[in-house]
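Trainee: I would like to go through this model one feature at a time. Please give the cut-off behind each term when it comes up.

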Amino acid sequence: MDLLNTLVDKGLRRELPTREEALAVLATSDDDLLDVVAAAGKVRRRWFGRRVKLNYLVNLKSGLCPEDCSYCSQRLGSTAGILKYTWLKPGEASEAAAAGLAGGAKRVCLVASGRGPTDRDVDRVSETIKAIKDQNEGVEVCACLGLLSDGQAERLREAGADAYNHNLNTSEATYGDITTTHTYADRVDTVHKAHAAGLSACSGLIAGMGESDEDLVDVVYSLRELDPDSVPVNFLIPFEGTPLAKEWNLSPQRCLRILAMVRFVCPDVEVRIAGGREVHLRTMQPLALNLANSIFLGDYLTSEGQAGKADLEMIADAGFEVEGSDQVTLPEHRASVGGGCGSHAQAGCGSDSDAGCGSHGDAGCGSRAQAGGGAEAEGGCGSHVGGGVCGTASVPAAAEPRTDLVAVRRRGAGTDLAPNA
């Protein structure tokens, strides 16, 4: 297919595709899907080999959020039965992080619900960053605390934070349909603040909220212009009790096309499969590793994820390897500019210049949930989403909403039960 050959050539040169080419990827047929995955896989392997970076979420403060983000289980007015608790102590957060690091994660994402941190909150998170780094040499720490005020990004950087996540989530044109308590411009401003402070910027999107192909391309091109080092791609988890509970718009094939489009537009940037991969990709998750080079290990902020052991087995079975703490995630031309765990430069994400390195919800920190993070509930043999369920169960038809795969986290941070990692 001429389109795919053109996109591969551009990706290997770090050249921006046209909007028409990006839209054409989303419009490809299921018959062409494996060709699309193979083409985007060539670009992924050129810049990241067969490495998969593991990230681990710690939900520092769950629920009780005054913002009205429609996708979020922690939003104002949400009736989703999620865990609700105030700030974890630094020792508790460090203990929670240790589970993910022991499972092979190299980055810990510290997430807190709310509009944005107070100065006292920044102090709390700074103490937590120190506790984690004192006990784990070489660990990367990303903070995801909402909208930042002047000077807060610098304080987090001084405390040892390597990165900051704040997602754009959707296109500027449709942002007001999703959230009314803050603006798209507020989110862009926070990403700029992270950049200016020398933090590695992490910013991504949520697919499946009823947006058009044009909206998806718009937000990915906006992200490229912002030039984050990592782009988490979340797939909406339609929590009961939220305004988007009935939005079941994604198929595994649709998710793969979206990931391929992001890879072509941002060829040399860490593309992370975040919230909703188990719910929407399901048994097609291994194919997605040919497109993305980063995932979350274990659970999300407010929802359960695939069993950590199953994540590791999936990576190995698909012929990939877990990225070590001694390996640099980003290609040399990006990681060598500005320091840190990959820095930004002047150009777009994956631009052909020598450039270099969110939201707090279950789509936060490139998060695994929709605007939070999470774990599986009472256990059983493997997680409810594919960690090896014993016995038999009726499987809904592919066209039906898989509400059986949406489970509220009941273990890990904020509970007395062991985390999933």
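Trainee: In which helix is Val 265 placed, and is Val 265 buried or exposed?
Mentor: Helices (DSSP runs of H or I, at least four residues) and strands (runs of E, at least two) are numbered from the N terminus. By that count Val 265 is in H10, which takes in residues 252–265. Buried means under 20% relative accessible area, exposed over 50%, and partly exposed in between, with a 1.4 Å probe and protein chains only. The relative accessible area of Val 265 is 1%, so Val 265 is buried.

Trainee: What pLDDT do local features need here?
Mentor: Residues are numbered from 1 along each chain as its sequence is written, and side-chain values use heavy atoms, with hydrogens and water left out. The model is predicted: totals for chains, interfaces and linings use all residues, side-chain atom pairs count only at pLDDT 80 or more, and local features need pLDDT of at least 70.

Trainee: Which residues does Ala 288 touch?
Mentor: Ala 288 is in helix H12, and its 0% relative accessibility makes it buried. Contact means heavy atoms within 4.5 Å. Leaving out residues up to four places away in sequence, Ala 288 touches Leu 256, Leu 259, Ile 273 and Leu 281.

Trainee: Where in the chain is Tyr 184, and which residues does Tyr 184 touch?
Mentor: Tyr 184 is in helix H8, residues 184–196, and counts as buried with a relative accessible area of 9%. Thr 174 is ten residues from Tyr 184 in sequence and 9.3 Å from it in space, C-alpha to C-alpha. Not counting residues up to four places away, Tyr 184 touches Leu 168, Thr 170, Ser 171, Glu 172, Tyr 175 and Ser 222.

Trainee: What do the buried residues of H6 pack against?
Mentor: In H6 (residues 152–159) the buried residues are Gln 152, Ala 153 and Leu 156. They cover an arc of only 100° around the axis, so they sit on the same side of H6; the arc is that of the directions from the helix axis to the C-beta atoms. Their partners are helix H5 (119–135), strand E3 (140–144), strand E4 (163–165) and H8.

Trainee: Which residue follows H6, and what is its phi?
Mentor: The helix is followed by a glycine, Gly 160. Its phi is positive, near 115°.

Trainee: Why do the buried residues of H13 line one face of the helix, and which exposed residues does the face turned away carry?
Mentor: The buried residues of H13 (residues 308–317) are Gly 308, Ala 310, Asp 311, Met 314 and Ile 315. Seen down the axis, they fall within an arc of 160°, so they line one face. An α-helix has 3.6 residues a turn, so residues three or four places apart point the same way. The face of H13 turned away from the buried side carries Lys 309 and Asp 317.

Trainee: What covers the buried residues of H13?
Mentor: The cover includes both helices and strands. Among the elements are helix H11 (277–281), helix H12 (285–288), strand E1 (51–61), strand E9 (294–296) and strand E10 (321–322).

Trainee: What phi does Arg 282 have, and is Arg 282 buried or exposed?
Mentor: Most residues other than glycine have a negative phi. Arg 282, in the loop between H11 and H12, has a positive phi of about 50° although it is not a glycine. At 19% relative accessibility, Arg 282 counts as buried.

Trainee: Is Leu 64 buried or exposed?
Mentor: Leu 64 is in the loop between E1 and helix H4 (90–102). Its phi is also positive, near 60°. At 57% relative accessibility, Leu 64 counts as exposed.

Trainee: How many helices and strands does the protein have?
Mentor: Of the 421 residues in the protein, 63% are buried. The DSSP runs give 14 helices and ten strands.
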